[in-house]
Amino acid sequence: MSESPLVRTYADSGALIVGGTSGVGLATALGLAGAGVRRMVLVGRDKERGDAARQAVREHHPDAGVHFISADATDESEVERVVSTAHRELGSLDICVNSTTTAYRPELLHRTPATDFSGILTGQALPPMLFTRAVLPLMQEQGGGSIVNIASDAAKVPTPGESVLGAAMAAIVMFSRVAAIEAKRNGVRVNAVTPSLINGTRTAANVLSDGFSRSLFEKAATQAHLGVAEADDLASLIVFLAGPGAARLTGQSISVNGGISAF
């Protein structure tokens with residue numbers, strides 16, 4: 001490792017935002033653009049949503065160069081294709097934000113079909129792992145970079161209805177911590193952000209629709225005495241973690257939940 005890790009300004013950084021077409025990912029894209037990032041690639045499954053997200057960023061920041069790549073973030077070959085293409089388009093990969101999720105509603109373990117376990121674990125935990133692994137050599141080679149993986153407080157708080165989800169989120173958190181220890185010698189930082197309920201997202205609409213999950217999260221919301229988190233709250237933290245102000249910060253798992261829990 002060089003004596004001084006490479007820490008680029010926002011204006012000099014290229015950013016890859018996986019899950020950047022809606023929710024926290026899109027809020028992060030807008031936040032990074034607002035901080036000065038002018039080269040970014042958004043990744044998602046849906047091309048129509050991707051084009052809309054790209055246009056949203058460009059409307060607020062006309063001088064930003066924003067690309068969209070459609071891909072399945074659970075497919076190793078597609079992840080490698082995305083990272084290779086993004087690196088070529090951006091010239092450097094300095095920031096990687098992994099904000100993917102799959103449709104999931106909390107349910108008690110004895111009511112959760114065992115056949116669902118694999119899909120929950122793979123859909124939630126695999127994308128940030130694959131993208132971290134794919135961008136790491138590029139960041140190591142240049143001597144620095146920041147990776148931010150989005151998990152959830154289910155990784156930290158044993159919550160009825162979130163046994164399998166909690167296992168997936170705990171996997172992301174521990175994966176990120178170990179990756180941080182391995183990557184620090186090459187100037188690469190890896191951190192995790194763990195939200196709870198996030199107002200205004202598709203995930204929130206899904207879990208609050210009815211049944212057990214609705215009662216669970218409605219109760220949780222009453223404990224958010226600082227207010228239920230919004231996508232912009234998460235984005236503000238992610239932008240900080242991605243930038244030069246967090247140059248000495250790695251291996252952390254930070255909750256943003258309005259006070260629902262404190263860990």
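This is a predicted model: local features need pLDDT of at least 70, side-chain atom pairs count only at pLDDT 80 or more; totals for chains, interfaces and linings use all residues.

A search of the whole structure finds one cavity of 30 Å³ or more.

Fifteen residues line the largest cavity, and those nearest its centre are Arg8, Asp94, Gly145, Arg189 and Ala242. Sorted by class, the lining of the largest cavity comprises six nonpolar, six polar and three charged residues.

## Second largest pocket

The second largest pocket has a volume of about 190 Å³. Its lining consists of 13 residues, and Pro5, Gly187, Arg189, Ala247 and Arg248 are the ones nearest the centre of this pocket. Six of the lining residues of the second largest pocket are nonpolar, four are polar and three are charged.

## Packing of α1 with α8

Two packed helices are described by the angle between their axes and the distance between the axes. For helix α1 (residues 23–35) and helix α8 (residues 231–242), the axes come within 8 Å and cross at roughly 50 degrees. The two helices, α1 and α8, are therefore oblique to each other. Their crossing is right-handed.

On the α1 side, the contact is made by Gly23, Val24, Ala27, Thr28, Gly31, Leu32 and Ala35, which meet Ala231, Asp232, Leu234, Ala235, Ile238, Val239 and Ala242 of α8. The contact of α1 with α8 counts ten nonpolar, three polar and one charged residues.

## Packing of α1 with α2

Helix α1 also packs with helix α2 (residues 47–60): the axes of α1 and α2 come within 10 Å and cross at roughly 25 degrees. That angle makes α1 roughly parallel to α2. Here too the crossing is described as right-handed.

Leu26, Ala29, Leu30 and Ala33 of α1 meet Ala53, Ala56, Val57 and His60 of α2. By class, this contact has seven nonpolar residues, one polar residue and no charged residues.

## Packing of α3 with α4

Helix α3 (residues 76–90) and helix α4 (residues 117–142) pack with their axes 9 Å apart, at an angle of about 40 degrees. The crossing of α3 and α4 is right-handed.

From α3, the residues in contact are Glu76, Val79, Glu80, Val82, Val83 and His87, and from α4 they are Leu130, Phe131, Ala134, Val135 and Leu138. Together these residues of the α3 and α4 contact divide into eight nonpolar, one polar and two charged.

Key:
Residues are numbered from 1 along each chain as its sequence is written. Side-chain values use heavy atoms; hydrogens and water are left out. On a 1 Å grid over the protein atoms alone, a cavity is a set of points where a 1.4 Å probe fits but cannot get out, and a pocket is an open set with protein on both sides within 12 Å along at least five of seven lines; lining residues have an atom within 4 Å of a point. Grid points are joined across faces, edges and corners, and a volume is the space filled by probe spheres set on the points. Ala, Val, Leu, Ile, Met, Phe, Trp, Tyr, Cys and Pro count as nonpolar, Asp, Glu, Lys and Arg as charged, and the others, Gly among them, as polar. Axes are lines fitted to C-alpha atoms, for helices over the stretch in contact, and angles run from 0 to 180 degrees between N-to-C directions. Helices (H or I, at least four residues) and strands (E, at least two) are DSSP runs, numbered from the N terminus. Angles under 35 degrees count as roughly parallel, over 145 as roughly antiparallel, 65 to 115 as roughly perpendicular and the rest as oblique. A crossing is left-handed if the near helix is turned anticlockwise from the far one by less than a right angle, and right-handed if clockwise. Contact means heavy atoms within 4.5 Å.
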